[in-house]
Amino acid sequence: MPEPVPAEKPAGEDAPPADGDSDVDWDESETTELTGLFVEKPPDNVVVITGSDAIFIARVDSTTLARKPTMKWLKGKWLDLGSKAGKHMQFKETYDRNTKVCIYTYEMKINKVVPGDAGGYRCEVTAKDKCDSSTFEISVEAVQQETLGDDLAAFKRALVISVVDAGEDEGSLDFSALLKAAKKKRPEKEEPEIDVWELLKSAHPSEYEKIAFKYGITDLRGMLKRLKKMTAPEPKYSEGTLSLPWGDFILRANGNKRTLTINRTTLADDAAYECVVGEDKSFTEVFVKEPPITITKLMDDYHVVVGERVEFEVEVSEEGAHVMWLDVELHKDKDSKFRFKKDGKKHTLIIQEATLDDIGMYHAWTNGGHTKGELEVEEKELEVLQDIADLTVKATDQAVFKCEVSDDKVTGKWFKDGKEVLPSDRIKMSHIGRFHRLVIDDVKPEDAGDYTFVPDGYALSLSAKLNFLEIKIDYVPRQEPPKIHLDTTGSMVSQNTIILVAGNKLRLDVEITGEPAPTVVWSKGDQVNIYPITDSEGHVRVESWKDNKELGPTYSEGRVRVESRKDLSSFVIEGAEREDEGNYTIVVTNPSGEDKAVLFVKIVDVPDPPQHVKCTSVGEDTAIIVWDPPKFDGGAPIKGYLMERKKKGSSRWTKLNFDVYESTTYEAKRMIEGVFYEMRVFAVNSIGLSQPSLNSKPFMPIAPTSEPTRLTVNDVTDSTCSLRWLAPDKIGAGGLDGYIIEYCKEGDTNWVVANKELCEKQGFMVRGLPVGEKINFRVMAVNIAGNSPPAIMSQPVTIREIVEHPKIRVPRDLRTKYIRKVGEKINLTIPFQGKPRPIATWFKDGQPIDPKMVNIRNSNVDSILFIRSAEREHSGKYELLLQIENMEDRATIEIRIVEKPGPPLKVRVTDVWSFNAALEWDPPKDNGNCDITGYTIQKSDLKTKEWFTVYEHNRRTNCTASDLIMGNEYRFRVYSENLCGLSEDLPAFLPFPLGLQVKQNSYKEMDLSCVPKFTQPLVDRTVVAGYSTAISCAVRGFPKPKIVWMKNKMIIGEDPKFLMQNNQGVLTLKIRKPSTFDGGKYTCLAVNELGRDEVECKLDVKGNGKDLPEVTRIYISAT
């Protein structure tokens, strides 16, 4: 709600002191009580007239401060007005050095106040570890003019009343410039009054800012809050609970508890909220952040040719998310060639026709992720599939030039004798798919010449010649033998052979002369005869025969047909197929004779796909692929092959080559080790590209390991050699299965495998070697990819055993006395060296060891002494003798077997005085084969008969028992102790009880009672949210005081967030991961029966700005 405007002061009363004139209305009744560092504060509420100046003064007492205080003037929550200092806002600081009182005066002056200056302000003073602040409100009213009767103007003036607003940009909107501009407008016709309240009620929320700009509303947020209150529904009561729905806000009242619930939180709900109960206020803040959008499917790389379509696709975690596309490396602008598509969670960047300028790295960004993909574009060469043929045409006939190129999107131009041919009624140009045609109707002599087709964008041209056939009228005798005139000038006709691409149309026009008109017969091989006959209606009828049997007449409408005109017979094949290939014979006859011609039509097509594609070997990132040529080459030689690969399970194929590859063996590179791939191959001939082959079986690029390292000889005998090595430095995804060891004689190249099965260890003994020979050794690592390079010894090894002096290597722990308890197991391993194998012999105290008491086991490199259960008689000095022929070495080991000692002897009381008794005893007979380390003395009261320890580890054979009670009778017992522990036999008891008499104290006990007093207070602290902290203090008092911790005068209960500790009067309160809501005043209270004492401190928790909590409910309690 807006704060009430303070009443004006009666006339005649003195105004508050100020350094300059001001039109600010002060109200003494609203003066804030002075606390902390401030000596004088600005008034809580100030009403200022628009256009006047306002001055605000604050004074600070620095007598108790160690350094000069720092003052900040703030507007709203965070807007520091120091950055706004200038002509409109001025700040001043003064200090009177003539007076003894250290008073600093701070002044803020606002020149020519505008409505935008209204709002909440705060002045904050800090000095080292002390701080204080004061808040005040400024309301701006319009100048009283004669036009104030206007309802709309009065409504606008009411809008500048300050309301509690938690936006971070509070007071930053200033529409005063617009209002001033409105005054300069020429007078217009009076418009009907508009009720802005009704307009806002019926408008959509997205129109609010537009309405505010149009009608000069400067405090839109405050007006919307008032509008919500006006439209709030009637409260609903249910079992003592009040519920007020208000859009996405729901207010509930349950007894003394008030709850504000925010449903469907949006960024607009990020604000501060205030609860007012009477004169008490409570503030809280809600921070709302957008959830991060992650990228679930990364962008793929593309490798295309010029003109192909490219689609970069990513998938995000939520629908409707914003994805930003960038080309960071090339800094490209998004022009018309780039298209963006959204389909649910999928976002696609589309390039319709890729060019060489589009090469680069493309990036996609969200607020929670990033991905990138690389685009590589290569230029595609244009291939001519069908060239233009020369034509010879008679007058009034039609001339058709036709060519076929490999790219159906390529356009071009036609030229005649170097000049461009333009379309007309007689000349027509067409482009259908890969075919380009130039048709000239009603050919004239001037149409003869050289015609050229030039594709756009390529340095290529196709040329042909048009010959005009002049008709000469000569006298022809009525009888003329028939004659077939074949035109063999075209490029596709050579030696009566016609080459036709499968799927294309063949039209062979054969000129025929003869008088009378001859009969034309077409036949293919010896099977089918085709007879064109002209019927009575003028149609050309075709009769077909096979094996002298009539197949039936057909008109010239089939796929393979003959069309006849005067002096011309045309053989037509529509959509040529492989079955149409063969020899075609034309026979013309008339009464004057017969003529015959044979043509061979060869059908060429794309080849069949290659066969048997397979992977023969793999490397670390390579694979060797082989395949068989296709069964049918399409009638044209195979030019080469194109290869593609993809990851297993993927549907996107990647081209491996753009130029045809002639061999049937290909090494695929740049693959990822450990990933399964599939391959397919296309065959290419002069006609085009075959269908893809069947996919190869999945294969995985795996490389053999590197060679083993540090191959050395460990031992050599007359027939064996022991080798040692380390694992390879590089193993890879194929792992390591084992090793193969090979050897050969020096100078020989025949390597012999020493191990039948793979050796899994890093060591091997090669046996059966010839004595005295020099042998070379090598080791290879083996995995699924094969054998690694061998690790070879730098020089050959001579197979001969070397005599080595015997040497015993006693372990460090056996060089001193070896002590074990009775019953324990003894297992001593003594390593030694020497060649040939030495003889090991054991002695105990100079005598050979009895094998029934001690077990001995010897090997080539060590000797083991084993005792299953040690006894006292096993103690002694053991000597190991190592002999090789006349050489020897000795080592001595002392073993001691110990057990628990016996009990002490003759326990007795030698003296009794006051509360004490003196005891003595004799050492035990059996010390357990080791020194006595001490004694344990216990006492027992005959009333309770419970034993209590008086002394432990007492090294003397006497002691004094203290703290005995007068009049009681006691018994004492003593245990002896060594390395094994206390004695187990019956302990020594005092043979008779001891009685003591009570004697009164001759002194007065000191009274230690005192009131609780804190010796170390709490200290104010500032911590960062999310990092655990602790506050501590120290207290003394007797009896022990009760400790109570409070936050903002509220007792902290069993909240798991707080941990309270008391260690010898040092009190600690640990706060686990505090948030901004844990800030406040903390109090520690100590109470006992003599009195109480308390200390307090202020804890300030600052947000770290990284992870702000998502709050959707706020509970505010008021009593």
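Here is a walk through some local features of this structure, which is a predicted model.

Let's start with a helix. Helix α4 covers residues 208-215, and its buried residues are Tyr208, Ile211, Ala212 and Tyr215. Look down the axis of α4 and those buried residues fall within an arc of 100 degrees, so they line one face of the helix. After α4 comes glycine 216, with a positive phi near 70 degrees.

Next, a sheet. Four strands make up an open sheet in the order β24-β26-β30-β29, with antiparallel pairing. At the edges stand β24 (384-386) and β29 (427-432), each with a single partner strand, so one side of each is left without a neighbour in the sheet. Going from one strand to the next, the twist averages 20 degrees. Glutamine 386 has glutamate 404, in β26, as its bridge partner.

What about the cysteines? A search of the whole structure turns up 0 disulfides. Take cysteine 980: the closest cysteine sulfur to its own belongs to cysteine 930 and is 5.5 Å away, too far for a bond, given that a disulfide needs the two sulfur atoms within 2.5 Å. Cysteine 980 is also buried, with a relative accessible area of 13%. Cysteine 131, on the other hand, is partly exposed, at a relative accessible area of 48%.

Now for some loops. Serine 650 sits in the one between β47 (638-647) and β48 (654-655). This serine 650 is partly exposed, with a relative accessible area of 30%. Its side chain reaches the backbone nitrogen of arginine 652 at 3.3 Å. Further along the chain, 28 residues from serine 650, is glutamate 678, and the C-alpha atoms of the two are separated by 9.7 Å.

Proline 516 belongs to the loop between β36 (506-515) and β37 (519-524). Another cis bond runs from phenylalanine 1038 to proline 1039, again with omega near 0 degrees. You'll find proline 1039 in the loop between β80 (1029-1038) and β81 (1042-1047).

Where does a positive phi turn up in a residue other than glycine? One place is glutamate 885, with phi near 55 degrees. Glutamate 885 is in the loop between β67 (876-884) and β68 (887-898), and is exposed, with a relative accessible area of 75%. Aspartate 963 also has a positive phi near 55 degrees. That aspartate 963 lies in the loop between β73 (958-961) and β74 (969-978), where it is exposed, with a relative accessible area of 69%.

Technical notes. Residues are numbered from 1 along each chain as its sequence is written. This is a predicted model: local features need pLDDT of at least 70, side-chain atom pairs count only at pLDDT 80 or more; totals for chains, interfaces and linings use all residues. Side-chain values use heavy atoms; hydrogens and water are left out. Buried means under 20% relative accessible area, exposed over 50%, partly exposed in between (1.4 Å probe, protein chains only). Helices (H or I, at least four residues) and strands (E, at least two) are DSSP runs, numbered from the N terminus. The arc is that of the directions from the helix axis to the C-beta atoms. Two strands pair if DSSP finds at least two bridges between them. Axes are lines fitted to C-alpha atoms, for helices over the stretch in contact, and angles run from 0 to 180 degrees between N-to-C directions. A polar contact is a pair of N or O atoms within 3.5 Å; within protein, one must be able to donate a hydrogen and the other to accept it, and residues adjacent in sequence count only if both atoms are side-chain atoms.
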